[in-house]
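This report concerns charged side-chain pairs and nonpolar cores. The structure under discussion is shown below.

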Amino acid sequence: MRLIGADGTQYGIVSRNQALQIADEAELDLVKISPNALPPVCKLMNYGKYRFELLKKEKEAKKNQKVTEIKEIRLSMTIDVGDMNVKAKQATKFLQAGNKVKVSLKMRGRQNAHSGLCVDVMNEFYEMVKDYAVMSKKPLTEGKNITMMLDPQQ
């Protein structure tokens, strides 16, 4: 096998027993890096320390990761202007925080016959928040529900 030292020095091609002996003398672990190569490549290292450093890097990467949530705003077909302003203000807070917003509207009773009016309510809501949002999914009717997805502007 080809042996590489802990500091990157090349020992060349040595037998397995000789590599284990060198690892014992240096009080390090013998780790196969490339077992499929001809000859296989092994490295002397402190494997426990290596694993610890890897876990530490993963935790640091996770810490710096931004998790986007999907917040939901529910509207109704007969929503008044004041209520619409309150909902739009809340949606802009969510969007400024970097979250996606799902706007949903549930039609009840005779409202099902006038789904076009519901879509107009959704478009009116988007006009109120368009400075902070990008429409990633247009208003789509799914049975009695109409949904629209808004992403924060970059």
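## Salt bridges

A salt bridge is a side-chain nitrogen of Lys or Arg within 4 Å of a carboxyl oxygen of Asp or Glu. The model examined here is predicted. Across the whole structure, a search finds five salt bridges.

Another links Lys-130 with Glu-127, where the closest N and O atoms are 2.9 Å apart. Both partners are again partly exposed: Lys-130 has a relative accessible area of 37%, and Glu-127 has one of 47%.

## A pair within helix 2

Glu-60 and Lys-63 also form a salt bridge through their side chains, at 4.0 Å from N to O. Both belong to helix 2 (residues 47-63), and because they are three residues apart there, about one helical turn separates them.

The accessibility of the two partners falls into two classes. Glu-60 counts as partly exposed because its relative accessibility is 40%, whereas Lys-63, with a relative accessible area of 63%, is exposed; the cut-off for exposed is over 50%.

## The largest nonpolar core

In soluble globular proteins, nonpolar side chains tend to be buried together. In this model, the largest nonpolar core comprises 23 residues, and those with the most contacts inside it are Leu-75, Val-101, Val-103, Leu-105, Phe-125 and Leu-150. At least two residues of this core come from each of strand 5 (70-75), helix 3 (81-96), strand 6 (100-106), helix 4 (115-129) and strand 8 (145-152). Helix 4 makes the greatest contribution to this core, namely six residues.

When neighbours within four places in sequence are set aside, Val-101 is in contact with Lys-71, Ile-73, Ala-91, Phe-94, Leu-95, Met-148, Met-149 and Leu-150.

A separate, second core contains eight residues, including Leu-3, Val-14, Ala-19 and Leu-44.

Note on methods:
Residues are numbered from 1 along each chain as its sequence is written. This is a predicted model: local features need pLDDT of at least 70, side-chain atom pairs count only at pLDDT 80 or more; totals for chains, interfaces and linings use all residues. Side-chain values use heavy atoms; hydrogens and water are left out. Helices (H or I, at least four residues) and strands (E, at least two) are DSSP runs, numbered from the N terminus. Buried means under 20% relative accessible area, exposed over 50%, partly exposed in between (1.4 Å probe, protein chains only). A nonpolar core is a set of buried Ala, Val, Leu, Ile, Met, Phe, Trp, Tyr and Cys residues joined through side-chain atoms within 4.5 Å. Contact means heavy atoms within 4.5 Å.
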